[in-house]
Amino acid sequence: MMRVLQVYSEFHPQASGVARHMDGLARALAGQGVAVEVAALAVASDLGPRPYGVTRLRLGDLPAAVRRAEVVHAHGSRTLAAALALGLARALGKPSVFTPHCYYDAGSLPRRLAKRVWDRTVESLLARWCGAMILLHQGWLDDIRQRGLRPRRTLVVPNCIDADALGERQDAAGIRRLDGAPAILSVGRLDPVKRLDDVIRALAQPGLAGAVLHVVGTGPDAERLHHLAQAPDVAGRVRFHGWQDDMAAAAMMAGCDVMVLASEREGLPTVLLEALLAGVPMVHSDIAGCMAIADEVGWNGGYPLGDVAALAARLAGLAGGGVPAQVSARVRARFSWQGRGGEILDLYRSLMAGR
């Protein structure tokens, strides 16, 4: 039986897109007879039973975990956990795979400089050390080249969702009808890169006088967003729900009129996939990560990034309209682990064969 170690800095599948990606991949691999161990420095306390192992480890425990594995798969750009896992795999002669997911470049000038230095040194080494780098869409090929990353091998496999588990969760969750005409829902961390300030400002645009924005998530941008939500033209029409578990979020998705993702940068957002698969219309910025999904499945929900008037018009136009059945079917075929998990397993096998 093949033994695969997945490594990331944290494992909170209900709050993290990377962890949700790992969870779906681990389930798909376990279903094909692979022994998977997920190792992270921080692990959620409410995971429940899973068909794979989960280990909360200190960095000193990582060498033993790498020795136990036949393939090491590290996740997350610019993380110490990924750097150590891939470095140990190289030292111990283990085949390795690296999925960076997304490179966020925002922040203060010192922070941006630090990121650039890391990319040109540590991240560049990791790209050369790994047996293959998995990218979430074709647009990342140019991005990593511009960063000076030259992996020996690349494979494009998108962020995928567990379509079967999502359907079961939606059936069990029921419907929580949200206030607003329309009721707009955002699910994700509160971070400046998500540009929720654009969505709050959109509430003051024509066509959204009765709209209410429901925000699920926590993060460093919470205080600023709370302050913006007190502006006279939107006051009382932004509801902050904090963190919600998967069941609660599914019920809110079923009870909204439209969802929104206004981000300026995304790897390949699973929340967009989950919305379209569930039949919930989503308005999204026209960034590469979102358009890689929309163009592939035939969804016309994009608007020009930062254009608040266009965002408002899209929200008003798509609210309550549903998602065509053929779009949901394409999401399942092209962006679910049921449809794509075998490609990563084939990659593992080829790397083991070529040791």
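**Close-up 1. In this predicted model, the side chains of R147 and D119 meet in a salt bridge, with an N to O distance of 3.2 Å.** The pair links distant parts of the chain, since R147 sits in the loop between α5 and β7 whereas D119 belongs to helix α4, 28 residues apart. D119 is buried, its relative accessible area being 4%, and R147 is likewise buried, with a relative accessible area of 10%.

**Close-up 2. R147 also forms a salt bridge with D105, in which the closest N and O atoms are 2.8 Å apart.** This pair, too, joins distant parts of the chain, with D105 placed in the loop between β5 (96-99) and α4, and R147 in the loop between α5 (139-146) and β7 (154-156), 42 residues apart. D105 has a relative accessibility of 34% and therefore counts as partly exposed, while R147, at 10%, is buried.

**Close-up 3. A positive surface patch is formed by R112, R116, R120 and R150.** Of these residues, R120 has its place in helix α4, which spans residues 109-129.

**Close-up 4. Within helix α14 (residues 337-353), E343 and R340 lie 3 residues apart, about one turn of the helix.** Their side chains meet in a salt bridge with an N to O distance of 2.5 Å. E343 is partly exposed, with a relative accessible area of 29%, but R340 counts as buried because its relative accessibility of 18% falls under the 20% cut-off.

**Close-up 5. The start of helix α9 is shown with D245, where a side-chain oxygen of this residue reaches to within 3.2 Å of the backbone nitrogen of M247.** D246 lies in helix α9, which comprises residues 246-254, and the side chain of D246 is joined to that of R20 by a polar contact of 3.1 Å. The relative accessible area of D246 is 17%, so that this residue is buried; the buried residues of α9 are D246 together with A249, A250, A251, M252 and M253.

**Close-up 6. A network of salt bridges links R195, D197, D198, R201, D221, R224 and E264.** For the model as a whole, the count comes to 27 salt bridges, among them the pairs formed by R147 with D119, by D105 with R147, and by E343 with R340.

Key:
Residues numbered from 1 in each chain as written. Predicted model: local features only at pLDDT ≥ 70, side-chain atom pairs only at ≥ 80, totals over all residues. Heavy atoms only, no water. Patch = residues over 30% accessible without salt bridge, like charges linked within 9 Å, V, L, I, M, F, W, Y side chains within 5 Å. Areas by Shrake-Rupley, 256 points an atom, 1.4 Å probe, with all protein chains shown as cover. Salt bridge = Lys/Arg side-chain N within 4 Å of Asp/Glu carboxyl O. Lys, Arg positive; Asp, Glu negative; His and termini not counted. Charge placed at Lys NZ, Arg CZ, Asp CG, Glu CD. Helix = DSSP H or I, 4+ residues; strand = E, 2+ residues; numbered from the N terminus. Buried < 20%, exposed > 50% of the residue type's maximum accessible area, 1.4 Å probe, protein only. Polar contact = N/O pair within 3.5 Å; in protein donor to acceptor, adjacent residues only side chain to side chain.
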